[in-house]
Amino acid sequence: MMWENDETRLNFYRVEIPQDAINAVYLGLMATKQVEDDVLFEMKRQNPNANIFRAYKKRGFSELDFRRVGGVGVDATGG
C-alpha cells in the first residue's frame with residue numbers, strides 16, 4: 001500500500017501488506033483512466049486475487065453502482 005503526503009519531504013510511504021489482506025479496491029467517480037490503469041497494474045502485480053471496482057452514477061438516482069474492471073481477481077460468486 002502506498003499513500004501520498006505533500007506536506008513532507010518524502011512524499012510517498014510504502015507499507016507491505018500480505019496478499020490476502022486486500023479483497024477489493026473501489027475506484028471513485030473522479031478516478032482518472034490513468035489512476036485506474038495504475039491501480040490495475042499494481043494489483044495484478046501485488047494482489048492478483050483482489051477485485052477492482054469502479055463507481056458509476058446510477059441514472060436518476062443519487063446512488064452509485066460499482067462495476068468490476070480489469071479482469072483481476074474473482075467475481076462475487078467466487079468464479
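## Charged pairs and the core

In a salt bridge, the side chains of lysine 33 and glutamate 36 come together at 3.7 Å, N to O. Please keep in mind that this is a predicted model. Glutamate 36 and lysine 33 are three residues apart in helix H1, so about one helical turn separates them. In general, an α-helix has 3.6 residues a turn, so residues three or four places apart point the same way. Lysine 33 counts as exposed, at 52% relative accessibility, whereas glutamate 36 is buried, with a relative accessible area of 9%.

Glutamate 36 also forms a salt bridge with arginine 54, where the closest N and O atoms are 3.0 Å apart. Because glutamate 36 lies in helix H1 and arginine 54 in strand S4, this pair ties together parts that are 18 residues apart in sequence. Both glutamate 36 and arginine 54 are buried.

Elsewhere, aspartate 65 and arginine 67 meet through their side chains in a salt bridge. Aspartate 65 is partly exposed, at 28% relative accessibility, and arginine 67 is partly exposed too, with a relative accessible area of 44%. Through salt bridges that share partners, Lys33, Glu36, Asp37 and Arg54 are joined into one network. The whole structure has six salt bridges, including these:

| Salt bridge | N to O distance |
|---|---|
| Glutamate 36 and lysine 33 | 3.7 Å |
| Glutamate 36 and arginine 54 | 3.0 Å |
| Aspartate 65 and arginine 67 | 3.4 Å |

Now to helix H1 itself. This helix runs over residues 33-46, 14 residues in length, and reaches 20 Å from its first C-alpha to its last, close to the 20 Å expected at 1.5 Å a residue. Which residues of H1 are buried? They are Glu36, Val39, Leu40 and Met43. These residues cover an arc of only 100° around the axis, which puts them on the same side of H1. Among the elements covering them are strand S3 (24-27) and strand S4 (51-57).

The largest nonpolar core holds nine residues: Val25, Leu27, Ala31, Val39, Leu40, Met43, Ala50, Ile52 and Val69. S3 and H1 are the elements that give two or more residues to this core, and H1 provides the largest share, three residues.

Leaving aside neighbours within four places in sequence, valine 25 is in contact with Val39, Met43, Asn51, Ile52 and Phe53.

How values were computed:
Residues numbered from 1 in each chain as written. Predicted model: local features only at pLDDT ≥ 70, side-chain atom pairs only at ≥ 80, totals over all residues. Heavy atoms only, no water. Helix = DSSP H or I, 4+ residues; strand = E, 2+ residues; numbered from the N terminus. Expected span 1.5 Å × (residues − 1). Buried < 20%, exposed > 50% of the residue type's maximum accessible area, 1.4 Å probe, protein only. Arc of directions from axis to C-beta. Contact = heavy atoms within 4.5 Å. Core = buried A, V, L, I, M, F, W, Y, C linked by side-chain atoms within 4.5 Å. Salt bridge = Lys/Arg side-chain N within 4 Å of Asp/Glu carboxyl O.
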